[in-house]
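Me: I have a protein model to read. Can we go through some of its helices together?

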Amino acid sequence: MKTEKMKTHSKLNGLSQKKSFWTVFKQQKYLYLMSLPFVAWVFVFNYLPLGGWVMAFQNYRPGLGFFEQEWVGFQQFIELFQDDRFYLVLRNTIVMSLMGLTVGFTVPIFFAVLLNEIRVKTFKRTVQTVSYLPHFVSWVIVAGIVTKMLSVDGGVVNDLLVAAGLLDQPVQFMTKGEYFWVIVTLADLWKEMGWNSIIFLAAIAGIDPQLYEAAKVDGASRFRQIWHITLTGIRPTILVVLILSIGNLITIGFEKQFLLGNPTVVNFSEVLELYALNYGIGLGRFSYGTAIGIFNSLVSIMLLFLANGIFKRFANQSVM
């Protein structure tokens, strides 16, 4: 008898949920219609190209039909994992990703908190505007600026270090592999710090001002207010951004490495996407390049689910 009542209750709940969904759909049909172009865009440019993954299991030759291609199974992946160059490139990718995550994630948070503490609104807006303008500058221009600043001939950095007595003669920073990771990380920080801080500034703006007033009445210092109110208030935003950043840990692009790198530092500058470009598409090995892309995507998905599961279990925060 109890079992029948439970089944009936579950059926009624299912019907009510379906009914509520269609009720909401009718009420917000225009919002759903407005979202259709974006859904179509994501499908066409993100999901439809997944059909090209089939090439990783073929010895793909342009001009031949789909059923005329030679199927080789996991041969491309076997070659990939047997290539010593792949592990060198993977090392570069992981190290630069971790450095970028550590610096490029924490500094914007501190910058947003410090910017929020500025009481002169004109100065605050000016600093914020100037800080996120580099985001709109292309990496071609940024690479040119960085190269010129680190140049031996008239470079600002070398001139300052020599004038301060820290160097006896200018150093060719762009030809030193051990400096390349730091150069890329700092260049990326300068370019994206202001832009990445916007989401944290928006989260800070949503904190109730009465909390700060109550803390002042209780005698809390500015540092205590930042620690217990500001950082606590934006904690969910920080965790969500961190989860998404970890998911994109291995897909760091190739523009900055390609533009700032040169043959003398190639062992430190080449990342997985550059490896796919040079040894895959550049040599006409489209199947090999596709296998590298699949490896990138699968590792990113695994990292995303791993980070999401860890934060969901220990911090009760997740993105899915």
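Me: Against which helices do the buried residues of α6 pack?
Reply: First, this is a predicted model, where local features need pLDDT of at least 70, side-chain atom pairs count only at pLDDT 80 or more, and totals for chains, interfaces and linings use all residues. Residues are numbered from 1 along each chain as its sequence is written, and side-chain values use heavy atoms, with hydrogens and water left out. Helices are DSSP runs (H or I, at least four residues), numbered from the N terminus. Packing here is contact, meaning heavy atoms within 4.5 Å, and the partners of the buried α6 residues are α8 (177-196) and α13 (255-260).

Me: Which residues of α6 are buried?
Reply: Buried means under 20% relative accessible area (1.4 Å probe, protein chains only). In α6, residues 139-149, that picks out Trp-139, Val-142, Ala-143 and Val-146.

Me: Why are these residues on the same side of α6?
Reply: Look at the directions from the helix axis to the C-beta atoms. The residues share a side of α6 because they cover an arc of only 100°.

Me: How is α9 oriented relative to α12?
Reply: Axes are lines fitted to C-alpha atoms over the stretch in contact, with angles from 0 to 180 degrees between N-to-C directions. The axes of α9 (residues 198-205) and α12 (residues 235-247) come within 9 Å and cross at roughly 155°. Angles over 145 degrees count as roughly antiparallel. Therefore α9 and α12 are roughly antiparallel.

Methods:
Buried means under 20% relative accessible area, exposed over 50%, partly exposed in between (1.4 Å probe, protein chains only). Helices (H or I, at least four residues) and strands (E, at least two) are DSSP runs, numbered from the N terminus. Angles under 35 degrees count as roughly parallel, over 145 as roughly antiparallel, 65 to 115 as roughly perpendicular and the rest as oblique.
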